[in-house]
Amino acid sequence: MNSLIKLELTRALRNRKFLFFSVIYPSVLFLIIAGNADSTTKVPGSALTLPTYMMVSMASFGALTAVLMGNSERIAKEREGGWVRQLRLTTLPGRGYVLAKTASAAVVSLPSIVIVFAVAAAVKDVRLDAWQWLALTGAIWAGSLVFAALGVALGYLASGDAVRPITMITYFGLSMLGGLWMPTTTFPGWLQDIAEWLPTHAYAALGQAIEQSRAPHVQDLAVLVVSFVLFAGGAAWLYRKDTLKA
Amino acid sequence: MTTTASVVAFDQVSKAYDAVRAVDGLTLALRPGETVALLGPNGAGKSTTLDLLLGLKKPDSGTVRLFGTSPRDAIVAGRVGAMLQSGGLMDEVTVAELVRLACDLHPKPYRPSEVLSRAGIEQIADRKVNKLSGGQAQRVRFALATAGDSDLIVLDEPTTGMDVTTRQAFWATMREQADQGRTVLFATHYLEEADAVADRVLVLHRGRLLADGTAAEIKAKAGARRISFDLADTVDEAALRGLPFLTSLTVSGPTVRIQSTDADATVHALYGLGVYPRNLEVAGLGLEQAFVAITTAEEAKSK
């Protein structure tokens, strides 16, 4: 299985478009959004400045891109192309394929997080304690597993021409409504009520809690845990269904 | 511990999709060292049979055993190498990388360089998998199927997309595999391939095993040649029916169509009748017609 992870990784690193969107793009977007903001104005409804706030959002967005895009479309394509069937004729355990995909996506998501942090610290003077940097990296990285599971589920749910639009709608919907591109406090009230329950919102809130050195909200943790159970359960169920059909 | 020496054993295996019975009560056993062709037209159930054999599909009823264990256990033990017709390849990696992966995943692997050269793909080792021609991709699939020292090699329509030269080279490689004592099972719809390569031919039609024997036996069973000609005079059917080696006769207007197991003798006797056949054609029986011949014979027998 290690050899499959290695090969998946080689392939991901060779794909410039994928690398650009998951590693470089979040940092660029961070500079565009936070570029003109001064470092003292607080985000409405939050104790954080805009650059500090957006740094976590964009790091989360980068990790989301790497794991969601890395999994869904490729799994759907390789399932249809028959590569998944071919792998089932090897000693690789059934789940090995999905695990290798997720592991390689996680390796790509780490630099996308770190690069956003580096850009924020260097260009926008974001300053945090050492433990906060480490905790942020760990939390955002671990939290991306929720969306890796979602990517797997989408890869087994959709096929053919449907997978791209479904992935895109999910991806942009979750990013925007979850407040990764702009603080949800700028949304109208009814939309804020919805956004609050999205896993992406909880994901970013986790990082913002660390930035403020306070414990995360129970609701955010609960949303993330429940989302993970739902997505992973859905992925496992769809995977089994696909295996029986193939 | 079972004492059966069967490499593959199907016992009353059935598999249906909705109302269609893709495989219908199939019972068969492959012995070690055999090269076996699974022959049948499209839709005969060949791919489903191989999927069941490899454990990619579960039978609705009956059992499939490989080396006395389940297909999955046999694969995990490294005893089976397989090349699927629908076997996709991983995109954006090179041929060499993919072959190395296959070797890494096999419990009794060969060296990647060995596998590449045996499959005749050293020259394209650095090429990206998604930039290959159909025939080249088939050779890569073959390399994946032979990445390790497996006892059984299963190939689904392996020469699809290959030109004549590649096809011949491919079968030469296959024969080497068989000569090393491996059991080889391949599905094909070309009678000639089965004829040239296999020790044993299984004829599959509508999910059932119609015939099981050497290629020569199958062809004899099917009636080897078809003869057609036009007669200007009134056709004397009774006289034609008396021709030697005749297996079937149809007359439509002036046109006479005959199937014969010895076309030379039949044509010779035809001239002996004193008739003058025009537009005489003698041709090998297509597989499609061979199936019709075998099916008709089987159905007549079961009545």
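User: Why is B:Phe245 called partly exposed?

Analyst: B:Phe245 has 17 other C-beta atoms within 10 Å. A residue is buried if 20 or more other C-beta atoms lie within 10 Å of its own, exposed if 12 or fewer, and partly exposed in between, with C-beta atoms placed from the backbone. The count of 17 falls in between, so B:Phe245 is partly exposed. This is a predicted model, in which local features need pLDDT of at least 70 and side-chain atom pairs count only at pLDDT 80 or more, while totals for chains, interfaces and linings use all residues. Residues are numbered from 1 along each chain as its sequence is written, and chains are lettered from A and ligands numbered from 1 in the order in which they are written.

User: Where does B:Phe245 lie, and what is its phi?

Analyst: B:Phe245 is in the loop between helix 9 (237-241) and strand 11 of chain B. Helices (H or I, at least four residues) and strands (E, at least two) are DSSP runs, numbered from the N terminus. Its phi is positive, about 60 degrees, although B:Phe245 is not a glycine. Most residues other than glycine have a negative phi.

User: What makes B:Arg206 partly exposed, and where does it lie?

Analyst: B:Arg206 has 17 C-beta neighbours inside 10 Å, which puts it in the partly exposed class. B:Arg206 lies in the loop between strand 8 (200-205) and strand 9 (208-213) of chain B. Its phi is also positive, near 50 degrees.

User: Why is A:Gly189 called exposed?

Analyst: The count for A:Gly189 is 6 other C-beta atoms within 10 Å, so A:Gly189 is exposed. A:Gly189 belongs to helix 8 (residues 189-195) of chain A. From A:Gly189 to A:Thr49 the separation is 140 residues in sequence and 22 Å in space, C-alpha to C-alpha.

User: Why is helix 1 of chain B described as largely enclosed by the rest of the structure?

Analyst: Eight of the eight residues of helix 1 (residues 46-53) of chain B are buried, so the helix is largely enclosed. Among them are B:Lys46, B:Asp51 and B:Leu53. Just after helix 1 of chain B, B:Gly55 has a positive phi of about 80 degrees. Across chain B, buried residues are 42% of the 303 residues.

User: How do you know that strand 1 and strand 2 of chain B pair?

Analyst: Two strands pair if DSSP finds at least two bridges between them. Strand 1 (residues 8-17) and strand 2 (residues 20-30) of chain B have seven bridges, in the antiparallel sense. They therefore meet the criterion. The bridge partner of B:Val8 in strand 2 of chain B is B:Leu30. The hairpin has two residues between the strands, and B:Asp18 takes a positive phi near 50 degrees there. Strand 1 of chain B also pairs with strand 4 (residues 61-66) of chain B, antiparallel over five bridges, with B:Phe10 opposite B:Val64.

User: What makes strand 11 and strand 13 of chain B edge strands?

Analyst: The open sheet of four strands has the order 11-12-10-13 in chain B, with antiparallel pairing. Strand 11 (246-252) and strand 13 (278-284) of chain B each pair on one side only. The twist averages 15 degrees from one strand to the next; axes are lines fitted to C-alpha atoms, for helices over the stretch in contact, and angles run from 0 to 180 degrees between N-to-C directions. Helix 10 (residues 263-272) of chain B packs on the sheet, touching strand 10, strand 11, strand 12 and strand 13 of chain B, and its direction makes about 25 degrees with that of strand 10 of chain B. Strand 10 (residues 225-230) and strand 12 (residues 255-260) of chain B pair in the antiparallel sense over six bridges.

User: How many residues of chain B are in contact with chain A?

Analyst: Two residues are in contact if their C-beta atoms, placed from the backbone, lie within 7 Å. On that basis, 21 residues of chain B are in contact with 20 residues of chain A. Helix 3 of chain B gives the largest share of the side of chain B that touches chain A, four residues.

User: What does the confidence look like in chain A?

Analyst: pLDDT is the predictor's confidence in each residue, from 0 to 100. Chain A has a mean pLDDT of 88, and 99% of its residues reach 70 or more.
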